[in-house]
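Please keep the sequence and the structure in view while I speak.

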Amino acid sequence: MRNAILLGTLALGLSACSVTVRPNLNLQGSGSNLITSFRPDRGEGSTYAVGESVRFLFSSRTAGYVTLIALQGSEASTLVRNVYVPAGSTVFPRAQDGVTYNVSSPRGIQRVRAIFTRVRPTTDLVLRGTYDEGRWNATSTAYLQPYAVEDRDVQETYLYIR
């Protein structure tokens, strides 16, 4: 009887455990700490229902240019390209963008990457279509190659769509 109670208590305790999976944050091209924070408005790893809006809070030590790209399942997209931001905090989408970011299917994890350069980028990063992990990272890395390590930074965050 005592063993049954002990096993039952242990099973109940273990059923309350959760496992958190973080995306690959070992990003090529990230060489400085210009970005001080990047996360969804409810916090990194938060959950959003299909159709809900999400905002991203971005903070940097210096003024520069931000590109936000998203990977949801195997579909990649560009949220903003080469947007000038002052030092400090910026919320995306900004009021002047005239858009909202509403989460959509497929359900599961969505990764969003902030790419920051101190100098205005000479090219646009436009993602559309299917990307795997390798292509996603290679595209980000290639985009940042022309910029000095001290003039660029990359951070990634994630959220769950239910």
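A residue is called buried here when its relative accessible area is under 20%. Please also bear in mind that this is a predicted model.

I begin with helix 2, which runs over residues 133-144 and has 12 residues. From its first C-alpha to its last, helix 2 reaches 17 Å, close to the 16 Å expected at 1.5 Å a residue.

Which residues of helix 2 are buried? They are Trp136, Asn137, Ser140, Thr141, Tyr143 and Leu144. Because these residues cover an arc of only 165° around the axis, they lie on the same side of helix 2. As a general point, an α-helix has 3.6 residues a turn, so residues three or four places apart point the same way.

What covers the buried residues of helix 2? The cover includes strand 5 (64-72), strand 6 (75-85), strand 9 (108-117) and strand 11 (152-161).

Strand 9 brings me to Arg111, which is found in that strand. Arg111 has a relative accessible area of 8%, and it therefore counts as buried, the cut-off being under 20%. The side chain of Arg111 makes a polar contact with the side chain of Glu156, at 2.8 Å.

Apart from neighbours within four places in sequence, Ala49 is in contact with Val103 and Arg162. Ser105 is 56 residues from Ala49 along the chain, and the C-alpha atoms of the two are separated by 9.4 Å.

Definitions and conventions:
Residues are numbered from 1 along each chain as its sequence is written. This is a predicted model: local features need pLDDT of at least 70, side-chain atom pairs count only at pLDDT 80 or more; totals for chains, interfaces and linings use all residues. Side-chain values use heavy atoms; hydrogens and water are left out. Helices (H or I, at least four residues) and strands (E, at least two) are DSSP runs, numbered from the N terminus. The expected span of a helix is 1.5 Å times one less than its number of residues. Buried means under 20% relative accessible area, exposed over 50%, partly exposed in between (1.4 Å probe, protein chains only). The arc is that of the directions from the helix axis to the C-beta atoms. Contact means heavy atoms within 4.5 Å. A polar contact is a pair of N or O atoms within 3.5 Å; within protein, one must be able to donate a hydrogen and the other to accept it, and residues adjacent in sequence count only if both atoms are side-chain atoms.
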